[in-house]
Structure formats: structure tokens, C-alpha cells
Amino acid sequence: MRKGRLRVLLGAAPGVGKTYTMLEEGARLRREGRDVVVAVVETHGRPLTAALLDGQQVMPRKLVSHRGVELSEMDLDAVLARHPDVALVDELAHTNAPGSVNEKRWQDVEALLEAGIDVMSTVNVQHIESLRDVVEQITGALQRETVPDAVLRTADQIEVIDLAPQSLRDRLAEGHVYPASRIDAALSNYFRLGNLTALREIALLWLADEVDTALKAYRVEKGIDSKWEARERVVVALTGGLEGETLIRRGARIAARSAGGELIAVHIVSQDGLSEHYPGALAAQRALTEKLGGGYHQVVGDDIPRALVEFAKGLNATQLVIGVSRRSRLSAAFTGPGTAATVIRESGVIDVHIVNHAAAGGRFALPRLGGALTMKRRIAGALVALLAGPLVTLVLFVSRSMDSITADVLGFQLLVVLVALIGGIWPALFAAVLSGLTLDIFFVQPLFSITITNPVHLLALVLYVLNALLVSYVVDQAARRSRAATRALAESELLASITGSVFRGQDALQALVARTKEAFSLTSVRLLSKGETILQEGESQPGDPVTSIPTGERGTLELHGADLHASERRLLSVIAAQIDAALEYRELAETAQEVGPLAEVDRVRSALLAAVGHDLRRPLAAATAAVTGLRSPGIVWSDTDRDELLATAQESLESLSALVTNLLDVTRLQAGALAVSTVPVDVAEVVLPALDELGLGPADVELDLPPDLPPVVADPGLLQRVIVNLLDNATRFSPDQQAVRISASKFAGLVEIRIADCGPGVEADRRDDIFVPFQRLGDTDNLTGLGLGLALSKGFTEGMGGSLQAEETPGGGLSMVISLSAVDSVDRGGNAK
């Protein structure tokens, strides 16, 4: 009997349309003549999904009694007995009721597959076992029902039912996913836009990895070893040198250019286990690779280039990144073309990137003026004299004749000039003396003796050496000027770089200090100001020479690790001036930051004076008029009139008292002197007094406070004032016959209290403005106070360690969301877990 085929519909979140798609596909297969039954389906009360059951055969469920409660589960035995071609089984991760045949529904599916029945099922990404902890970190919700990854990998077909996050939120807001009572909590918790975007990415990446695994298995099965560019896979070869970080970052940029690109770093170790690398460099490079989302591998192989290429081909790599050789040209001439050439030759269709790096070309450093030619060139010149001298002697001696003396002299002269060009004066002098003696021994009579019988020959030898000296002097001067020009260019680049850093004003001091250390090859550079170290680059070593350079009145630059020449000190004086300018810039920036709050306070003070002119005058004028009228001796007031005047005076004075209280609270908030005493607070014990204070009843407010809601960390008095202010605003703007809704829910260690109205709402780009003191939306209503209510509410909430945000109410309106720490997410010391 053949085994059934499993087809899984994978979704990023509930509501994307997995069950709907499954029922649609079942109806299509049924129309094509297949025997299809609905083994079990969960419509969750969604009418559009339930409508698709019409015309389909739905298997009766089996009732299972557990602790006196009747639970309905898929009747596995009935489906096996019915033995359809295709069974539709919803919610693959479902846990069966105790007493069922199998503990998990995916085990029921395995039984159907073994019986030769094709199965179509559904699962959400949060139910995949390997992704459970990742999803919990994103959503704050722990999933207890999971499916092992191995079960999903056995599926013959996995499809992602994809829906854009905002489209899913719109579907949820329209009531197509959950009932109206659950919409607000869902939108503000699990179905946040960021959560849905992350879950969607996880679902797509998980499926992409599974597809990649299937592709590898297919290539192995079919014996295909050529490169298939299904997606970019970049392999970075690490030698253990300091250039590794440069190569890794270049590889990461290449991988990021294409969607789904993969970064793999590999280090090839020889069979004897010996390798030349800086201690700790590989560990740091491995950490960097993992930080950039890549993987790290270590491979053992004697032939490093071939081991590297075989590794890349085994991974179906599309790009291979290696560093340029750190060997010198002379070394390459004696030891062969090196690893890069072999990798390019063996790589086949894999693209190879050879990346330059600091270890190859050396760090940016100013050339030394101590000598015109380097010791390396002098040694090379001496080697040329020693090796080429005997060779020239042999060639000329074999072909000598009576008339060849002129050619012999010119041949040795050419050798001396060549040595002078390579090594300068001392190798050229050595070559001149050596070649003069060689001419005398092998080419001047008497042969094979150092005897100069003819004074002309002695003069020729002296002229010969003098000629070599003059040529080598010219070469030495040219090299000296070339080095001076190179140094001047380097100094210009250095000054241009540090000047640009200062003008940009972005980490100018850091750039100056780092560039100074690098340019002068120092072990450490410290910048001191008022006796304190404010910046340091590198670590000084014991015994390092120390040079101190004043940077004006603001600081001192300490240089560790090298004795500086006079020309370098001249350049350092320019750098010191730039550092002084950067320090001045920093001081000015700090002063500007100090002045900024003062300007804000001045703005608030101006707004306060402008607003108080009207808002204080109105209640004062009303109270004064009422009291003056009552005290007028010539007027006799009736009891009704007197009561009305007294009520007017009382109302005006209460308004004035509330206004002054708000102004004092704003002052305390701005001064940072708000007294907050946080304790565990039951949300219901704060909400109900707030309703009583505003005189709101069941017809005005709809409450949705879960009984298992944990207490919050808050100041009861401040929290009540926040809720009163928000409720006052919500009832003022909510239409008649539309109750304001207060709901609360727990999410990721926080309790969110939502106060939602169905009023006109606030445009998204203006929601931050409503929390600014003395702001009334539109600035046209002068009868609604100073506009302090929301500013105070936000300040009070943040003073309690929470946040207050404005969101759109599904269906229209404004929702104010108070987020406070839940007591069960805070330890006894008041610290978040």
C-alpha cells in the first residue's frame, strides 16, 4: 500500500486564510472527482469560512469526556474506516483531549498517511517547535502546542499562505478574524504591525531553508555538482590574519545585495594543526560573522586552495571572497603564484573576489625621512651584484677577444648602473669595486692576477668607481625626493581627513585621535583635558617613549610608542590646533544643549502667559461678578437668584482651583520634582473611582477588565488622575449613544489600559502634538482650558515608569493606551525581570 501524501499550508499568524484556502482546495478536488472529506475543521465563528463547508462531506466528531466536560475531537477511526482519497485536517499542532487515540493531532495525521490517505493540513509559524522561543521573544506569547520540525520536513508539499501585515490588521479590524470584543486587544498585542512583519519574515525564511534542503537532496540524488544559483551564497576565506574582518564585511555586503543571501565564513586548517594567525583573531571574526547573521566553519585540509574550493562547491556557493596575498613580489617570484591563482583556476563557475586590505598594503602611515632608500632595496641591490656579477663575468669571459675589451667594460658598467638603480650608493660602490677587480683579473693582461702595469688601467678603474658613485648619487637623490613627495601627499591627505572630520562635527575628536595613532604608527594616543583622559586610542606598553603635545588651553595630547622627528612635530602642531578646535566645538555644543531646555522653558512660559490671560480671567471675572452682585446693598435677590449666583461663584472658583492645580503640576513635571510613590495597584480599583468622579455610568462607558489581570506598578492617585483626564476627553469627543470603551490586557510583561472613543479621531501626523503643553488641537477653541490634560497625563504616566500613546480606534476614533509594568514581571526590589 502506498503511503499518503502530506500537504501543509503554513501561515505567519491566525487569520491569513489557511483554513479558507484548504476548504477551497478541497472543493476544487471534489469537483475534479476526488473523494474528499473534511475530517476536522475549526471555523472560529468566521462566517466566510463556515460558508465553504456547504456541499462538502464533514465527518462527525468524536465526543471525549474529560473531568465532566464533553470535548469534541476528530474521529480517527471513522476517517480510517471511510478511507477517502483526501482528508482535510485543520490545526496540525492541536493537542487532543485526554483519552484520545493519540496525544497530538499530527500523530493522527501520520496514521492517516500510513493508511494511504492524502492529507491537507494547516499550521502557523508560531507552532513550529524550533521557532517557539523566537516567536515568544517577538510576541510575548508562549505557545504550548507545537509540531516537531521533523514532521513538517516529511511533508511532500509546504505552501505559505501569505498576506501583507497591514492587510491582516485591516481584516481583523473589519471583524473577519475575531469577534468585536477581542479586536482592540488583538490589534494592540499579538497583531501589532511589527510583530506581524517579523512573523511573516520568519515564515518565509523557514520555508526558504526547507526548500534549500530539498534542493541539496535532489542534487545529491541526481549526482549534480554544478552550481545552481538559487540564491546568493557567499563564502569568505579566513586565514586568521587581521584582514579577516574586512573580508567578512565585504562578503556580508555582497550577500545583502540579493534577497535571502547567505554568508558563510571558513578557516582551512592544515592536517598538522599548525597555522599562522593572531591570537584571538579567529574568535573575534567568528563573533562578527554570527553578528552579521552568517555561519562559521573550520575545515581540515593539506591543500588549502583545493580544500577551500571543494568546501564552496559543496555548499553550492555563488561567490568566494579571499584576501589579496600578504607576500612580497620577491617572495611570490620564488614560491609561485600562491593561493589566489589556484583558487581562481579551480573555482570553475564560482565568482572569486580578491579584496585588498590593510594587512596587504600596510596601514596608513607617514613615510619616514630617515633614509632615501629602504634597507630592503639595499639588500636587493647587493644580491643583484653578487648574483649577476659572476654571471656577467662568465658570459663575457667565454666570448672575449682582443677587440672586446670595450664591450666588456660597458657590460660591467651596465651592471653597476643597474645595481645603483636598485640599491643606491653602497651596493653600487660594492658592485663598482667588485666589477673593477673582475675586469683586472679576467680581462686585463696579465690575466688571473691583481696587477695593474699600465697607469691608464688604474685611471680607468678610478673613473669606473667615480661613475658608479655619481649614478648611485642621482638615484639616491631621486628616491629621497620621491619619498619627500610621498610624505607630503600623505600629510595633505591626513590634514584633509582630519579637517573634514572637524567641519562635519561628527565624532571629530575620535577621528583625530585615531588618525593620529595610525598615521604616526603609535601604540597609544591619549587626549587629556583638565587632567582627565577624555579619549584614548590603543593601549600603551611599558617602556614606550612618551611625547606630550599641548593642544592650546583646553588639553594635551600624549603620544606613546615612537620618537618623533622634527618634521613630524611640525605636523603634530597642526593636528593639535585641529583638536583644540574640536574641543571648542564640543564645549559650544554642550552649551547649546544647556541653552536648549532654557529656550523650551521660555517658550512654555510665553505660552503660559498668553493662555493665562484668558483662562484665568474668565473664572475670576465670573466669580467676582457673582460675589459683587450678592454684596450690592441696593439689590434684593430672590432665593433662586441668590442660589444661582452662589453656584456660579462656586463653579468658577472650582474651575480656577483645578486650573491652578494643573499649572503647579506642570511646573513640578518640568522641574523634575514630581513626587511618585509606586505600589502594586489593581486596575479596577482605580478605574471605578475615576468613573464615579466623572459621574459616568454603564450607558456612558463599556468596561472590559479581565478577572485574571495582574496588578500594575503605579501611583494610585496619579493613575486615577490620568484615567480621569483621558475619560474626560473621550466622553467629550465621542458621539451621542456611543459609549467609551475601557479595556485592559497583559502583553510581554506590561499591562495596557485602553480608553477608546468613536469620535473624529486625530490625524496620524498630529498625534504627538496633543501631548504638548498649552496645545489645543486646532487652537481655535478658547473655552476648553489651557490644554494641559494630556500633557499632564503623559508626564504622570512616564513618572510611573510607563508610557502613554495615541492610536487609531478600529472603525474610527482615538484610543489612548496606558502601558505600565505588570507586578509579576517586576521583582521585589522593583526591577524588571
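A residue is called buried under 20% relative accessible area, exposed over 50% and partly exposed in between, with a 1.4 Å probe and only protein chains considered. By that scale Leu383 is partly exposed, with a relative accessible area of 43%. This is a predicted model, in which local features need pLDDT of at least 70 and side-chain atom pairs count only at pLDDT 80 or more, while totals for chains, interfaces and linings use all residues. Residues are numbered from 1 along each chain as its sequence is written, and side-chain values use heavy atoms, leaving out hydrogens and water.

**The chain overall**
- The chain has 26 helices and 24 strands, taken as DSSP runs numbered from the N terminus (helices: H or I, at least four residues; strands: E, at least two).
- Of the 833 residues in the chain, 40% are buried.
- Among contacts (heavy atoms within 4.5 Å) between residues at least 6 apart in sequence, 70% join residues at least 24 apart.
- The accessible surface comes to about 44,200 Å², and 56% of that belongs to carbon and sulfur atoms; areas come from the Shrake-Rupley method with a 1.4 Å probe, and for residues only the protein chains shown count as cover.

- Strand E7 (residues 118–124) is largely enclosed by the rest of the structure, because 7 of its 7 residues are buried.
- In a regular strand, side chains alternate between the two faces of the sheet.
- Asp118, Met120, Thr122 and Asn124 lie on one side of E7 and Val119, Ser121 and Val123 on the other, and both faces are covered.
- Strands pair if DSSP finds at least two bridges between them; E1 (residues 6–11) runs parallel to E7 and is joined to it by 6 bridges, with Gly11 opposite Asn124.
- Strand E6 (residues 86–89) is also parallel to E7, through 4 bridges, and Leu88 stands opposite Met120.
- From E6 the chain crosses through helix H4 (residues 105–114) to E7 in a right-handed β-α-β crossover; right-handed means that, with the strands pointing away from the viewer, the path from the first strand over the helix to the second runs clockwise.

**Arg105 in helix H4**
- Arg105 belongs to helix H4 and is buried, with a relative accessible area of 0%.
- Leaving aside residues up to four places away in sequence, the residues that Arg105 touches include Val40, Glu42, Glu73 and His94.

**A nonpolar surface patch**
- Met375, Ile379, Leu383, Leu386, Leu387, Phe430 and Leu434 form a nonpolar patch with about 670 Å² of accessible area together.
- Helices H16 (375–398) and H18 (425–442) are the elements that give two or more residues to this patch.
- H16 supplies the largest share, 5 residues, and Leu383 is placed in H16.
- Patches are made of residues with over 30% relative accessible area and no salt bridge, like charges being joined within 9 Å and nonpolar side chains (Val, Leu, Ile, Met, Phe, Trp, Tyr) within 5 Å.
- A salt bridge is a side-chain nitrogen of Lys or Arg within 4 Å of a carboxyl oxygen of Asp or Glu.
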